[in-house]
Amino acid sequence: MNTLVKLRFRELIPAVVAGSVTMIASITLTVVSAWLITKAWEMPPVMDLTVAVTAVRALGISRAVFRYIERIVSHDLALKAASRARSSAYQRLASSPNSALTMRRGELLSRLGADIDSVADVIVRAIIPAGVALLTGVFAIIFTAILSPATALVLAIGLIAAAIIPPLLAARGVKTAEARRAESSEAYLSSLDQVLSNQAALRVRGDMPLALSKADVAARSYSSSLEAGAKDTAIGAASSLWIHGFTVIGVLMVSASLYVDGSHSPQWFGVLVLLSLAAFEAVSVLPDAAIARTRAADATRRLAEISALPESVSLELRTASDQPVLRAENLVYGWDSDLG
């Protein structure tokens, strides 16, 4: 995480816990539903199913409630981190005006806008989902191991593969596409700022049509760069589905081989099969998390250029005098390099 976007570990705990409870409630809901379906198939007395029916309702409500809490807490954390980052960036730029003049206004706008948003977005889309996936996966494997160690081994292999392979495939292509997007974003913001800020001078010199043409080309390039990397994202999502499918098939085969021995009940078999389906919900978002982390990598590097600016100006408070005095020390002036 960039030094501008300061984040303490304890700030992540409430969001990760809320997300983990949400996923655990979802898995438990699936397990109880599987038991209820297979038990109802045996046509027992209705009273034998009352507790399970009530548990299904309670788990369904709790999942929605904790999902809402997790969204509130995680987005609040991301917005606060972005706010602190922008405040730190403005303070750094204000204390180092000489270094700030080396950047075009389009570059500054891109760093203070999209780059900080990208780094803060990692909190919601990458860091918290990764923590939730870890805790949920451990819970699912432990619960499965209680019922069947062999099935738990198959599920563990599938979850580990789904947590590593699809994110790597998704991030590989997005890395190249993100470099193009960042470059296009800076070019687009620079050309747009030139037209809006210098329209009077451009009209007088007759350069407005050329500036508008450059802005249009930059806008089209930026729009096309947003779609870059879609193929790799699709490959990552497809690989996640394939791993999920093979894992469920493996769990089904292992569970079926143990079930045919007659030593386990239909409820045992149904719970194991549906549990393997529910356990992958947490890791299914990891490809998107890898994409968000990859996109934020270049943004982190660009923000590091601001955080590394030296502090060259110190503010000193003096008492006001009756006679106005104007004094300039180390005065520096400049203009946008695009204007020539």
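In the predicted model, helix H2 covers residues 50–94, and its 45 residues should span 66 Å at 1.5 Å a residue. Several positions along H2 are buried, namely Ala52, Leu59, Ser62, Glu70, Ser74, Leu77, Ala78, Ala81, Ala82, Ala85, Ala89 and Leu93.

The crossing of the two helices, H1 and H9, is right-handed. On the H1 side, the contact is made by Ile27, Thr30, Val31, Ala34, Trp35, Thr38, Lys39 and Trp41. H9 contributes Pro266, Gln267, Gly270, Val271, Leu274, Leu275, Ala278 and Ala279 to this contact.

Three aromatic pairs were counted in the model. In one of them, the ring centres of phenylalanine 139 and phenylalanine 143 are 6.3 Å apart and the ring planes lie at 20 degrees, so the pair is stacked; the cut-off for stacking is under 30 degrees. Both phenylalanine 139 and phenylalanine 143 belong to helix H4 (residues 105–147), where they are four residues apart, about one turn of the helix. An α-helix has 3.6 residues a turn, so residues three or four places apart point the same way. Phenylalanine 139 is partly exposed, at 27% relative accessibility, and phenylalanine 143 is also partly exposed, with a relative accessible area of 29%.

Notes:
Residues numbered from 1 in each chain as written. Predicted model: local features only at pLDDT ≥ 70, side-chain atom pairs only at ≥ 80, totals over all residues. Heavy atoms only, no water. Expected span 1.5 Å × (residues − 1). Buried < 20%, exposed > 50% of the residue type's maximum accessible area, 1.4 Å probe, protein only. Phe/Tyr/Trp six-rings, centres within 6.5 Å; stacked < 30°, edge-to-face > 60°. Left-handed = near helix turned anticlockwise from the far one by under 90°. Contact = heavy atoms within 4.5 Å.
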